Amino acid sequence: MTRKIQTLNAISKKGLSRLPDSYVVGNDIADPDAVLVRSQVMHDMPIAASVLAIGRAGAGTNNIPTKAMSERGVVVFNAPGANANAVKELVIAGMLMGTRNIAPALTFVNGLFGDDESLHKQVEAGKKHYVGHELRGSTLGIIGLGAIGSMLAESAIQLGMNVVGFDPEITVDAAWRLPSQVKKAVSIDDLVKRCDFISLHVPLLPATKDLINGDRVKLMKKGCILLNFARDGIVNEKAVLDGLNDGRLHAYVCDFPSNLLRHHPRFVALPHLGASTEEAEENCAIMVADQVRDYLENGNILNSVNFPNISMPRESGFRLAIANANVPNMLGQISTALAGAGLNIHNMVNKSRGDLAFTLVDVECAVPQAVIDQLTAIGGVLRVRYLPS
């Protein structure tokens, strides 16, 4: 069966190679079955009614209209953890840039003039202004202990740092990944009081906007270094500027340039380089391509941001994949419709996530179009797909 995949950005060839030759892949695709995207903002663009899935080759999905897609039964995938090592390494570089005053030192050197002897004298006279501190023995606070946060914790411990973490939403898998040496903070306020470095690894949500605000900056240890390689909106820039000016913050290192802060000598901004490595782009593309393909062909869902994870081995050649609202008696209505058509259910799995649910049903013979139409007409059913092998 031919399936059509639209790419909105340059997606790694290694990722696209995971799709079989029967798939048609390109930027200019009419009526695609799925869309693969990296950074392009999709909120104001028309999304074809044919789209069944959107795969974000990265972790954040702020550029995708997830709520609107949920209402259409479109599954939105991401690639959590695929770029974790790239971000972790950049955070470590950021800690060194902040504590060793590398950015202002570079500015100083680039402003020197004269012959070599003059440069040497100016360097020796000026280097005292850029004396820094070592990472070993200092304390790193990590807010958000997912894939990136846990990897950062492990690396920081290997560098001889103490680590304090806070994440009220930590999953069981993330807790297993976390090194045992990580100390638990009881709150964000507790963490910011205790740490020489604070690194943020949470998504931008209403609950996390301005997570670092004026009150929390005032709680920080004098000379603290704040690192933000997550999302710019979780830090209040005015609060950070005040903290830099009064010395509460020694440096703010982030991945998000800002007109308010960019001329401050202890503000270090990179051009959103967190996941910008060839390895991370390949890993993200491979993960999301595999997930989208499995969904299109088998209805299985892994790493969706709007629907539950659900998977069922193929034990029959005739499968129905049903996206539905999480409402009472949905399974009963599906079962009744199939039984009424004389279709025997071989296997059935249903999973829910908040207001949404997903159902996979394998039956023992072909499903007539009239039955698919009957299932589609059930109140709360968002989309029905028939997936014969």
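**T139**

I started with T139, which is found in strand β6 (residues 139-143). Helices (H or I, at least four residues) and strands (E, at least two) are DSSP runs here, numbered from the N terminus. I'm working from a predicted model, where local features need pLDDT of at least 70 and side-chain atom pairs count only at pLDDT 80 or more, while totals for chains, interfaces and linings use all residues. Residues are numbered from 1 along each chain as its sequence is written, and side-chain values use heavy atoms, with hydrogens and water left out.

Is T139 buried or exposed? I found T139 buried, at a relative accessible area of 13%. My cut-offs: buried is under 20% relative accessible area, exposed is over 50%, and partly exposed is in between (1.4 Å probe, protein chains only). Leaving out residues up to four places away in sequence, T139 touches N162, V164, R194, C195, D196 and F197. Touching, or contact, means heavy atoms within 4.5 Å.

**The five-stranded sheet**

Next I looked up an open sheet of five strands, ordered β2-β1-β3-β4-β5 with parallel pairing. Which strands stand at its edges? They are β2 (23-26) and β5 (75-77), and each has a single partner strand, so one side of each is left without a neighbour in the sheet. On average, neighbouring strands of this sheet are turned by 15° against each other, direction ignored. Two strands count as paired if DSSP finds at least two bridges between them. As a reminder to myself, strands of a sheet pair through backbone hydrogen bonds, either parallel or antiparallel.

I then went through β4 (residues 53-56). Four bridges join β4 to β3 (residues 34-37), and the two run parallel. Here A34 has A53 as its bridge partner, and V35 stands opposite I54. Towards β5, three bridges join the parallel strands β4 and β5, with A53 opposite V75.

Which way do the β4 residues point? A53 and G55 point one way, I54 and R56 the other way, and all are buried.

Helix α11 (residues 278-298) lies across β1 (3-7), β2, β3, β4 and β5, and runs at about 160° to β5. Axes are lines fitted to C-alpha atoms, for helices over the stretch in contact, and angles run from 0 to 180 degrees between N-to-C directions.

**Helices α12 and α13**

The axes of α12 (residues 330-340) and α13 (residues 369-376) come within 10 Å and cross at roughly 160°. That makes α12 roughly antiparallel to α13; the label needs an angle over 145 degrees, while under 35 is roughly parallel, 65 to 115 roughly perpendicular and the rest oblique. I noted I334, A337 and L338 of α12 meeting V371, Q374 and L375 of α13.

**A366**

A366 has its place in the loop between β15 (356-363) and α13. At 44% relative accessibility, A366 counts as partly exposed. Not counting residues up to four places away in sequence, A366 touches F318, L343 and Y386. I also checked A366 against F108: they are 258 residues apart along the chain, and their C-alpha atoms are separated by 74 Å.

**Whole chain**

Last, I wrote down the totals. The chain has 13 helices and 16 strands, and its C-alpha trace spans about 90 × 45 × 35 Å along the principal axes. Of the 389 residues in the chain, 48% are buried.
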